[in-house]
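This report describes the fold and the confidence of a single chain. The sequence and the coordinates are shown first.

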Amino acid sequence: MSSSIFNYRTSDPCLELPDSHAHRNYEIVVFPTGLRCLLISDSSSHNVAASMTVGCGSFDDTLEINGLAHLCEHLVVLGGPQTRLRQVVTNSGGSMNAYTGSDQTSFAFEISSHAKDDKHEDLFILDSLLHILASYSEKIKFVPASINNEIKSVHEEHLLNTSNMDKILWHGLRLLALDRHPFSRFATGNSATLSKVSVKSLISELSHYHASQFMHENMAVVIKGPQSVNHLRKVALNSFYKNASSEENANSGSKKTFSGKGAIFDLTQENLLVIKDGDTQRIRICFPMFSEHEAVPTSTQTLLCNLI
């Protein structure tokens, strides 16, 4: 179904759901700007939640700045007026999280449907906060003070990862990856990698990355709450709707920097990395899975059988 006023399209998703979710109603809304939105109406829920995922991540880092995408995620949440979303959610006992993956960056929050935003007490909490979440895709002014603060936060996150065995094993896989593949890069970033260029150059790269990636055609949103689908659709349209032509003009010529194709590992080589951990008596084997079109080298099969 389409709307002649807002020029959006709706459809009912074909989902195989358990009986416990039979009371829920679902709808997909596609904006003229390309934004896809999944609405979930759950009358039994006392919370509202929303998530926004952008199709970009560490694979889109520049060669010179490892951790650029991760830093941008921090700045989007904490580097400007958007900080109010985290403040309201936290002060109301809700939860919020954001993370940067290889090819996606996600932001999400959950809060009681009875919570209130002091600045907009006349609105439902979802109506108030969704406007802020939607602003994550609007033009952001990156300022040196915020950048310096978030570089410190990124560095502290990196230091925590150095004592996390799961993170260490994941980084070990990166060391075995082909140099030409972005998976081999240091995705988290730290104070060293994020200070290789001047602040002026970093601001320029952050602005270009955000403008070329955080656009509706590269985004998907999920909204869940006890409200009806009609109410959730209205909130989504009021928060995220933009004129399709202005969005296209603002992002004309922008392209993703990495296609996502190509082998990550050289399967003809002996890819083995041993990490000794004196604090555990367990052995962990971490290796990539092979697709049906890739033959597992005999030497790899033999090694795995001997270890098991």
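What is the mean pLDDT of the chain, and what share of its residues reach 70 or more?

## Confidence of the model

The model is a predicted one. Its chain has a mean pLDDT of 85, and 81% of the residues reach 70 or more. Confidence in the chain is highest in strand 7, at 97, and lowest in helix 8 (residues 244–250), where the mean is 47. Where pLDDT is low, the predicted coordinates should not be read in detail.

An open sheet is formed by seven strands, with mixed pairing and the order 1-2-3-7-4-6-5. Its edges are strand 1 (9–11) and strand 5 (95–100); each has a single partner strand, so one side of each is left without a neighbour in the sheet. On average, and with direction ignored, neighbouring strands of this sheet are turned by 15° against each other.

Strand 1 pairs with strand 2 (residues 25–30) in the antiparallel sense, over three bridges. Within strand 2, Ile28 is the residue opposite Ser11.

## Strand 7 and its partners

Strand 7 pairs with strand 3 in the parallel sense over six bridges, and Val222 of strand 7 stands opposite Leu38. Strand 7 and strand 4 run antiparallel and are joined by six bridges; here Met219 of strand 7 is the bridge partner of Val54.

In a regular strand the side chains alternate between the two faces of the sheet.

Helix 7 (residues 229–240) lies across strand 1, strand 2, strand 3 (36–41), strand 4 (47–54) and strand 7 (219–225). Relative to strand 3, helix 7 runs at about 145°.

Which residues of helix 2 (residues 83–91) are buried? They are Thr83, Arg84, Leu85, Val88 and Val89. The cover over these buried residues includes helix 1, helix 3 (125–134), strand 5 and strand 6. An α-helix has 3.6 residues a turn, so residues three or four places apart point the same way. Just after helix 2, Gly93 adopts a positive phi of about 80°.

Note on methods: Residues are numbered from 1 along each chain as its sequence is written. Side-chain values use heavy atoms; hydrogens and water are left out. Two strands pair if DSSP finds at least two bridges between them. Helices (H or I, at least four residues) and strands (E, at least two) are DSSP runs, numbered from the N terminus. Axes are lines fitted to C-alpha atoms, for helices over the stretch in contact, and angles run from 0 to 180 degrees between N-to-C directions. Contact means heavy atoms within 4.5 Å. pLDDT is the predictor's confidence in each residue, from 0 to 100. Buried means under 20% relative accessible area, exposed over 50%, partly exposed in between (1.4 Å probe, protein chains only).
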